[in-house]
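Welcome! Let's walk through this structure together, one question at a time.

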Amino acid sequence: SVGGIHHWTDVASTTRFDYAPAIASLAVEYALVPALPEIAPAKVADFPAGAQRPRYSVLAVEETQAVLGMQARPWLEGLRLTMQDLRQQLKSGMTR
């Protein structure tokens, strides 16, 4: 039995600003959107949160990988698989 709280994320850290164009690029590649949107940087201060956030943080998943006996994949690979799944769902009319 696996108890407690475990964190999971794909491997390799990235920023929201790097993640956004990757999403957009793959969305164009998989014909989910017609063209790349303009993506502009934003300041954390522009989006106030209820809790103070660190300037840099990443989830440590080594313990979870060991407990589950699984290896995380690179985040871009996971994103690509997600976009492929989304495209397939849209083609088959399975989205809500």
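Q: Which residues of α1 meet which residues of α3?
A: This is a predicted model, in which local features need pLDDT of at least 70, side-chain atom pairs count only at pLDDT 80 or more, and totals for chains, interfaces and linings use all residues. Residues are numbered from 1 along each chain as its sequence is written, and side-chain values use heavy atoms, with hydrogens and water left out. Helices are DSSP runs (H or I, at least four residues) numbered from the N terminus, and contact means heavy atoms within 4.5 Å. On the α1 side the residues are D18, Y19, A22, I23, L26, A27 and E29, and they meet W75, L76, L79, R80 and M83 in α3.

Q: By class, how many nonpolar, polar and charged residues does the contact of α1 with α3 have?
A: Ala, Val, Leu, Ile, Met, Phe, Trp, Tyr, Cys and Pro count as nonpolar, Asp, Glu, Lys and Arg as charged, and the others, Gly among them, as polar. Sorted this way, the contact of α1 with α3 has nine nonpolar, no polar and three charged residues.

Q: At what angle do α1 and α3 pack, and how far apart are their axes?
A: Two packed helices are described by the angle between their axes and the distance between the axes. Here the axes are lines fitted to C-alpha atoms over the stretch in contact, and angles run from 0 to 180 degrees between N-to-C directions. For α1 (residues 16–29) and α3 (residues 75–92), the axes are 10 Å apart and the angle is about 40 degrees.

Q: Which word describes the direction of α1 relative to α3?
A: The two helices pack at an angle of about 40 degrees. That makes α1 oblique to α3. Angles under 35 degrees count as roughly parallel, over 145 as roughly antiparallel, and 65 to 115 as roughly perpendicular, with the rest called oblique.

Q: Is the crossing of α1 and α3 left-handed or right-handed?
A: A crossing is left-handed if the near helix is turned anticlockwise from the far one by less than a right angle, and right-handed if clockwise. For α1 and α3, the crossing is right-handed.

Q: Which residues of α1 are buried?
A: Buried means under 20% relative accessible area, exposed means over 50%, and partly exposed is in between (1.4 Å probe, protein chains only). The buried residues of α1 pack against α3. They are A22, A24, L26 and A27.

Q: How far does α1 reach from its first C-alpha to its last?
A: The expected span of a helix is 1.5 Å times one less than its number of residues. With 14 residues, α1 is close to the expected 20 Å, and its reach is 20 Å.

Q: Is A31 buried or exposed?
A: You will find A31 in the loop between α1 and α2, just after α1. Its phi is near 55 degrees, a positive value in a residue other than glycine. At 61% relative accessibility, A31 counts as exposed.

Q: What is the relative accessible area of A12?
A: A12 sits in the segment before α1. Its phi is positive, near 80 degrees, in a residue other than glycine. A12 is exposed, and its relative accessible area is 53%.

Q: Which residues is T64 in contact with, leaving aside its neighbours within four places in sequence?
A: T64 has its place in helix α2 (residues 62–68). T64 is buried, with a relative accessible area of 5%. Beyond those sequence neighbours, its contacts are H6, H7 and W8.

Q: Leaving aside neighbours within four places in sequence, what is Q65 in contact with?
A: Q65 also lies in helix α2. With a relative accessible area of 10%, Q65 is buried. Its contacts, those neighbours left aside, are W8, M70, Q71 and A72.

Q: How far apart in space are P21 and A40, C-alpha to C-alpha?
A: P21 belongs to helix α1 and is partly exposed, with a relative accessible area of 34%. In sequence, P21 and A40 are 19 residues apart, and C-alpha to C-alpha their separation in space is 9.8 Å.

Q: What distance separates the C-alpha atoms of E77 and G4?
A: E77 is found in helix α3, and at 41% relative accessibility E77 counts as partly exposed. E77 and G4 are 73 residues apart along the chain, and their C-alpha atoms are separated by 28 Å.
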